[in-house]
Amino acid sequence: DSAELKIEADVDAGMSPEAAGLIADQMVSLTRSLSEVILTYSVAESDSISITVKLTPKEQRKLTDAQIVKILREKLGTIPGTQVSITKKSGMNDQKPVSLVIQGESLNTLVEISEQVEQVVASVPGAVDVSSSYQAGKPDAQLVTNHDKASALGVSTSNIATTLYTMFNGTVINQYRDDNDSFDVRLILDP
């Protein structure tokens with residue numbers, strides 16, 4: 001019990017950042033309604049919401065982190081337009097304990113297979129927060145570098161990959177510290 005949780009929510013495609021922010025505020029409010037929650041930090045984007053939750057130390061609360069996760073799933077699962085996932089932080093990892101990757105050439109076939117896999121996994125007793133990372137309207141692309149042209153321009157494949165990563169995901173360039181907390185400062189290029 002690390003006394004820390006991660007709440008992630010995918011929001012409906014096409015939602016404005018302001019609408020996602022309002023949903024994030026609602027999620028934070030519901031989360032903070034639990035007396036065991038002492039701190040929340042949220043980030044809302046147009047397609048996702050991420051909330052880090054700090055709990056009181058386990059010796060100072062009546063509920064286990066697993067019980068708190070169950071309560072939060074019930075509270076947050078009622079918010080329309082979201083698909084919520086909650087994980088307990090263990091060590092440096094706050095990802096879901098099981099992750100499946102499905103790859104292939106045909107997007108239609110992959111969507112079909114992922115829906116079937118999602119249904120099968122969701123039917124397993126004890127499985128919670130079963131979801132797919134695929135979102136309609138959120139394109140995925142594979143870029144192929146023309147090595148001859150890149151070389152002639154003096155640009156390495158590594159430079160191209162780093163620039164694209166920063167453009168789409170951002171790169172942590174610094175950290176802001178406030179008392180005992182630190183927050184990443186992320187650079188994102190404007191496409």
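1. Thr40 has Val53 as its bridge partner in strand 3. The strand that pairs here with strand 3 is strand 2 (residues 37-44), in the antiparallel sense and over seven bridges; pairing requires that DSSP finds at least two bridges between two strands. Strands are DSSP runs of E with at least two residues, helices are runs of H or I with at least four, and both are numbered from the N terminus.

2. On provenance: this is a predicted model, in which local features need pLDDT of at least 70 and side-chain atom pairs count only at pLDDT 80 or more, while totals for chains, interfaces and linings use all residues. Residues are numbered from 1 along each chain as its sequence is written, and side-chain values use heavy atoms, with hydrogens and water left out.

3. Strand 2 and strand 3 form a hairpin, with three residues between them. Strand 3 also pairs with strand 1, again antiparallel and over seven bridges. Within that strand, Ile49 is the bridge partner of Ala9.

4. Strand 3 (residues 48-55) has two faces: Ile49, Ile51, Val53 and Leu55 make up the covered one, and Ser48, Ser50, Thr52 and Lys54 the uncovered one.

5. Is Lys6 buried or exposed? This residue of strand 1 (residues 4-11) counts as buried because its relative accessibility is 15%. The classes are buried under 20% relative accessible area, exposed over 50% and partly exposed in between, with a 1.4 Å probe and protein chains only. The Lys6 side chain makes a polar contact with the side chain of Ser50 at 3.2 Å. Such a contact is a pair of N or O atoms within 3.5 Å; within protein, one must be able to donate a hydrogen and the other to accept it, and residues adjacent in sequence count only if both atoms are side-chain atoms.

6. The axes of helix 1 (residues 17-32) and helix 2 (residues 65-76) come within 10 Å and cross at roughly 140°. The two helices are therefore oblique to each other. Met27, Leu30 and Thr31 of helix 1 make the contact with Leu72, Lys75 and Leu76 of helix 2, contact being heavy atoms within 4.5 Å. Axes are lines fitted to C-alpha atoms, for helices over the stretch in contact, and angles run from 0 to 180 degrees between N-to-C directions. Angles under 35 degrees count as roughly parallel, over 145 as roughly antiparallel, 65 to 115 as roughly perpendicular and the rest as oblique.

7. Val111 lies in helix 3 (residues 107-122) and is buried, at 16% relative accessible area.
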